[in-house]
Amino acid sequence: MTSRNMGPFAQRIIDFTKFLCYMHVINTYLISPVVTLGPSMLPTIDLTTGLFLIEKISTRLGKVACGDIVVVRNPQNPRFCMTKRVLGLEGDSITYISDPENNDKAKTIVVPKGRVWVEGDNKYNSNDSRKFGPVPYDLVEGKVFWKISPLKDFGPFWNK
Amino acid sequence: MGSISLWNSAKKIITAAVITVAVSDRIVTVVPVRGGSMSPTFNPKTGSWMEETFDDHVLVEKFCLGNYKFSRGDVVVFRSPLNHKETMIKRIAGLPGEWIGTEHNNDVIQIPSGHCWVEGDNTASSMDSKSFGPIPLALIRGRVTHILWPPQRRGSVKRTPQQGLSSNQLDPN
């Protein structure tokens, strides 16, 4: 009796494992959903919780360009990701205000090899490359390309 | 009939590939070690004519990526901060908040949060944090636990290095 019951049960576990494996591969190599929070990308992405799709293919092929909105793993805390805009690739020179609270002194740096410069659209409230420097390209998780929620804005999001 | 069986075997092959990728991304994988930067822990005899055949193959576990908890002395696999297509194997010599003094330019720097300091065991020829600085923990792709190949050197990888590292860890107290 046990064996007769084990059959379909084991089959269900195998099917579920296969499903998880497919989910992992799709999530890691093709498309993944992300939830955005916080003010750093205002006005492009508003404060309320939003649901977006990111694609991983162009990142893997090295086709990230200036102006793309990307999801980057936080170099200061690997457990979290953040949504930012790429403003410079390796070799580009970037001018920014390094210490906006105290003075207006601008600083210019050249993005080193294998790194990208990311900034939030909301210059006044964003934790980005101006604070922790250029990030290694490998930390770019993917490019934001589709907005899902809020539903009234459902649609492509690649030229924002 | 033939096209159905063809479709079925294609489905089986794809599923097998997907499972392999998922397991090697999430659980465990085997990677070859190229070059002598981690000698004598890996590839103790580089430069011999049979180098290719006798490259060490090591077992890399991925569970450590769940919470990014590492200890000093762990051997880790990570993406090169200079080139995202390149993978490197080095030993963690310093964790966030620790102070690292390097020999060749008498600098003492504090490792920023979320970063670590990596060095090769073969300090004479190793491209590591001494040249590119501390790396984000998020670049790490797994922890090396065992040597699988060649058979005579099979065994677990020790957490502490066999020789002293060139950098002196400075005690914060």
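So, chain B has two helices and 11 strands, where helices (H or I, at least four residues) and strands (E, at least two) are DSSP runs numbered from the N terminus. Starting at the N terminus, chain B reads α-β-β-β-β-β-β-β-α-β-β-β-β.

Quick housekeeping: this is a predicted model, with local features needing pLDDT of at least 70 and side-chain atom pairs counting only at pLDDT 80 or more, while totals for chains, interfaces and linings use all residues. Residues are numbered from 1 along each chain as written, chains are lettered from A and ligands numbered from 1 in written order, and side-chain values use heavy atoms, leaving out hydrogens and water.

Back to chain B: take its contacts (heavy atoms within 4.5 Å) with a separation of 6 or more, and 62% come from residues 24 or more positions apart. Of its 173 residues, 41% count as buried, meaning under 20% relative accessible area with a 1.4 Å probe, protein chains only. The accessible surface of chain B (Shrake-Rupley, 1.4 Å probe) is about 9,400 Å², and carbon and sulfur atoms hold 57% of that.

As for burial, Cys21(A) is buried at 9% relative accessible area, and Cys64(B) is buried at 3%.

How values were computed
Buried means under 20% relative accessible area, exposed over 50%, partly exposed in between (1.4 Å probe, protein chains only).
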